[in-house]
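Subject: Structure handover

Hi,

Here is the structure I promised to pass on to you.

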Amino acid sequence: MNEEKNLSQVCAQQKATDREIQENPELARQMKTIRFTLNGRPRQLTVDVRLSLLEMLRNDCGMTSVKRGCEVGECGACTVLINDEPFDSCIYLAIWADGKDLTTLEGLEGPHGELSDLQQAFVDEAALQCGYCTPGFIMAAEAIFRAGKRLSRDEIRRQIAGNLCRCTGYVNIIKAIEKVMDQRFGPA
């Protein structure tokens with residue numbers, strides 16, 4: 001229900017943007033229409049060519065799991081999957097998403113809003129405290145699973161090295177990832 005409300009608000013904002021572009025030719029040179037898939041659904045938006053993917057996802061698409069952290073690609077709080085690869089959306093231009101498949105944390109939920117096995121493992125293993133970095137870590141971990149191979153603990157550490165947490169100390173984050181790895185690929 002909340003997603004439908006956000007979508008209708010976004011559609012209304014997009015119509016206003018389209019009118020503004022038609023009325024202002026100068027603005028038209030700074031805007032581009034892009035088409036992409038977001039969490040399995042085809043989307044089309046007209047965006048400012050200077051807009052980051054982070055800003056588009058949060059402000060235009062209502063994907064609030066994508067967190068604004070450092071805004072320079074250092075902390076990983078804004079990690080999303082682009083064609084199943086993790087990217088810091090704060091340093092990725094929205095126009096580069098044209099033709100791409102984007103996945104945010106919202107895209108991992110089940111059809112009735114239930115947590116994915118990875119999200120549940122983070123809860124079960126106490127792999128979060130304040131929770132601000134959690135969506136980025138989960139998306140970085142999801143990229144590991146989408147690659148389809150079992151990783152060692154050191155390889156997991158390397159894969160999530162672009163994500164920072166100031167609360168948990170990483171031990172439980174790695175335990176949560178290993179728990180899901182055992183569930184999906186069988187015990188090591």
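Two strands pair if DSSP finds at least two bridges between them; helices (H or I, at least four residues) and strands (E, at least two) are DSSP runs, numbered from the N terminus. Please keep in mind that this is a predicted model, in which local features need pLDDT of at least 70 and side-chain atom pairs count only at pLDDT 80 or more, while totals for chains, interfaces and linings use all residues. Residues are numbered from 1 along each chain as its sequence is written, and side-chain values use heavy atoms, with hydrogens and water left out.

Let me begin with the strands. Strand β3 (residues 79-82) is joined to strand β4 (residues 85-88) by 4 bridges, and the two run antiparallel. Within this pair, Ile82 stands opposite Glu85 in β4. The hairpin of β3 and β4 has 2 residues between the strands, and Asn83 there takes a positive phi near 50 degrees. Asp84, in the loop between β3 and β4, also has a positive phi, of about 70 degrees, although it is not a glycine. At 33% relative accessibility, Asp84 counts as partly exposed (buried means under 20% relative accessible area, exposed over 50%, partly exposed in between, with a 1.4 Å probe and protein chains only).

Strand β1 (residues 31-38) pairs with strand β2 (residues 41-48) in the antiparallel sense over 8 bridges, with Asp48 in β2 as the bridge partner of Met31. These two strands form a hairpin with 2 residues between them, and Asn39 in the turn has a positive phi of about 50 degrees. β1 is also joined by 2 bridges to strand β5 (residues 101-103), this time running parallel; Leu38 has Leu102 as its bridge partner in β5.

One more backbone angle to look at is that of Glu71, with a positive phi near 65 degrees in a residue other than glycine. Glu71 lies in the loop between α3 (53-60) and β3 and is partly exposed, with a relative accessible area of 43%.

Now to the helices. Leu118, Gln119 and Phe122 in α4 meet Thr134, Phe137, Ile138, Ala141, Glu142 and Phe145 in α5 (contact means heavy atoms within 4.5 Å). The residues of this contact divide into 6 nonpolar, 2 polar and 1 charged (Ala, Val, Leu, Ile, Met, Phe, Trp, Tyr, Cys and Pro count as nonpolar, Asp, Glu, Lys and Arg as charged, and the others, Gly among them, as polar).

Best wishes
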